[in-house]
Amino acid sequence: MSPAAFRAYINLAAELGLWVILRPGPYISSELDLGGLPSWLLQDRSMRVRTTYPGFTEAVNTYFDKLIPNLVPLQYKKGGPIIAVQVENEYGSFAKDEGYMHFIKEALQSRGISELLLTSDNHNTLKSGGVDGAIRTLKLQKVNQRDVQDLKAIQPNRPTMVMDYRTGWYDVWGDLHHVLPPEDMVSTVREILRRGMSVNLYMFHGGSSFGFMSGGLAEPSYKAFVPSYDYDAPLSEAGAYTQKYHLLRDLLSQFNNGDIFPDMPVLQHREAYESAITYQHLSLWDALSFTEGPFKSVKPVNMENLPANNRNGQSYGYTLYETTITSGGLLKSGDNVKDRALVFVNRSYIGLFKRQNMELAVPDGKGLQTLSLLVENCGRVHRGRDLDKQRKGLVGDIFLNSIPLQDFTIYSLEMKPGFIDSLYQAPWKALPETPTFPSFFMGQLFAYGYPSDTFVKLPGWEKGVVFINGINLGRYWSIGPQQTLYLPGPFLNSGINQIVVFEEQEGDYKVNFEDTPDLGMAADVQ
């Protein structure tokens, strides 16, 4: 987001009569890839993020130099809507550097931030996450008397606030869709207010992590987040009212000093558009000439250290590694595939590397053969003490018959809008009866008049990514729970819209559009 767009967003809040509590980071978590930190930080093999390591503080200073001057005039004391600023986020769960929070606080204040400062932590890390001069606040999903007492004991005679009351929960691939019963949510908010505490809802509206922005969960084992950030929040991913919204509105009206809430805005229409039939097919191998590079290296190079994007490395998506082999045998990843790799010999699929599957049999062939590994970054973890270890792609040697493979040709497949747009010049073919995979598939959606929100559903497809008019909506995966991708009406043109689906292994060739979301089978948050 540009500084101008950022200022416009804050000013829009002011126009609507809203106050702003700002979280400028640099680390924000939010289930985003690397907690919102840029992946190019990991080019430095000694990098220690969220510490006073010089390589990190230099990046923070550069970032704040660009950001903070745009925020200073928007503070309450200068007539703006920003009433408070949070220093970092949940640092108590990380707490690797005692001087770090002081550095962030000083970095904000020295650039002109003068409003109330806050920190936000879980109850058991309140002490280690705070900093002098900032009010400590709680993150919670249930009110516990002991937690509130601990907060008041740490900072007596100060306001008590729940900065993150979690109204729902996130979802990961291969699990269920998590929900928090509406009655549980409203009773907890009622209890917080009864105690005279301030409360901020996380989330009131969750939205979507479009593209490849969703991160991963480190513990107890790695799992990737789905692109929907619906979070079972009071407003749905697409901005619809839920039972939670109505219960919350009724509750808050009791604390509104007799003032009447404004009327609820009328919701936008949603459309179940006619299904799009993909009529053209482009093999991944035929798309490689449209990538940046290729790059040559004796040893594998992780995506962050590829000389792509003006030597800032590759952040997201897929990376293809190819080398020549002279025999078959046992291929071992040595846990150096991050996070998942489709493996091919002479561009025919032979198997899958993932975290639990680190060996693969390579069939014998005649003469020289091309071994290809299409490696996907499924999302860097969003929190935890291993943030410095989130390099993706091939992060070390791959062994064939115990000998490390060498001499790689590497293609960066970040799938940015420019790349997708360039594919329109590629040698697309009419869809064959038995297309090869991985491949791109193209179709068209017709939207007449003013385009409406809709939801993309791909039954019969296995795993891949959907692009609308060059915009990456996010990943789909048949294992669920998420079954639809939210497609906002503003992403669509009146008339013809181009749909490109990148499918890894199996496709149905039809893309459906529905007027209701399907986030999968639900289970209560435990």
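How much space lies in the second largest pocket? About 710 Å³. This is a predicted model.

- The lining of the second largest pocket is made of 33 residues.
- Leu217, Ala218, His382, Arg383 and Gly384 lie nearest the centre of this pocket.
- Sorted by class, the pocket lining has 15 charged, ten nonpolar and eight polar residues.

**The cavities**
- Rolling a probe the size of a water molecule over the atoms shows where empty space is left.
- Searching the whole structure turns up two cavities of 30 Å³ or more.
- The largest cavity holds about 100 Å³ of space.
- Its lining counts 14 residues, and those nearest the centre are Tyr170, Asp171, Val226, Ser228 and Tyr229.
- Six residues in the lining of the largest cavity are nonpolar, four are polar and four are charged.
- The second largest cavity has a volume of about 40 Å³.
- Residues lining the second largest cavity include Ser208, Ser209, Phe210, Pro227 and Ser228. Glu237, Leu473, Gln482, Leu485 and Tyr486 also line this cavity.
- In the second largest cavity, the lining has five nonpolar residues, four polar ones and one charged one.

- Why is strand 25 (residues 439-447) described as largely enclosed by the rest of the structure? Because seven of its nine residues are buried. Buried here means under 20% relative accessible area.
- Strands of a sheet pair through backbone hydrogen bonds, either parallel or antiparallel.
- Strand 25 pairs with strand 11 (residues 280-283) in the antiparallel sense, over four bridges. In this pairing, leucine 282 stands opposite phenylalanine 440.
- Strand 25 also pairs with strand 30 (residues 495-503). That pairing is antiparallel too, and it runs over nine bridges. Here phenylalanine 446 faces isoleucine 496 across the pair, standing opposite it.

- Four strands form an open sheet in the order 18-14-21-22. Their pairing is antiparallel.
- Which strands lie at the edges? They are strand 18 (359-362) and strand 22 (403-404), and each pairs on one side only.
- Strand 14 (residues 329-332) runs antiparallel to strand 21 (residues 399-400), and two bridges join them.
- Lysine 332 stands opposite phenylalanine 399 of strand 21.

Conventions:
Residues numbered from 1 in each chain as written. Predicted model: local features only at pLDDT ≥ 70, side-chain atom pairs only at ≥ 80, totals over all residues. Heavy atoms only, no water. Pairing = 2+ DSSP bridges. 1 Å grid on protein atoms, 1.4 Å probe; cavity = no way out; pocket = protein on both sides within 12 Å on 5 of 7 lines; lining within 4 Å. Points joined across faces, edges and corners; volume = space filled by probe spheres on them. Nonpolar A, V, L, I, M, F, W, Y, C, P; charged D, E, K, R; others polar. Buried < 20%, exposed > 50% of the residue type's maximum accessible area, 1.4 Å probe, protein only.
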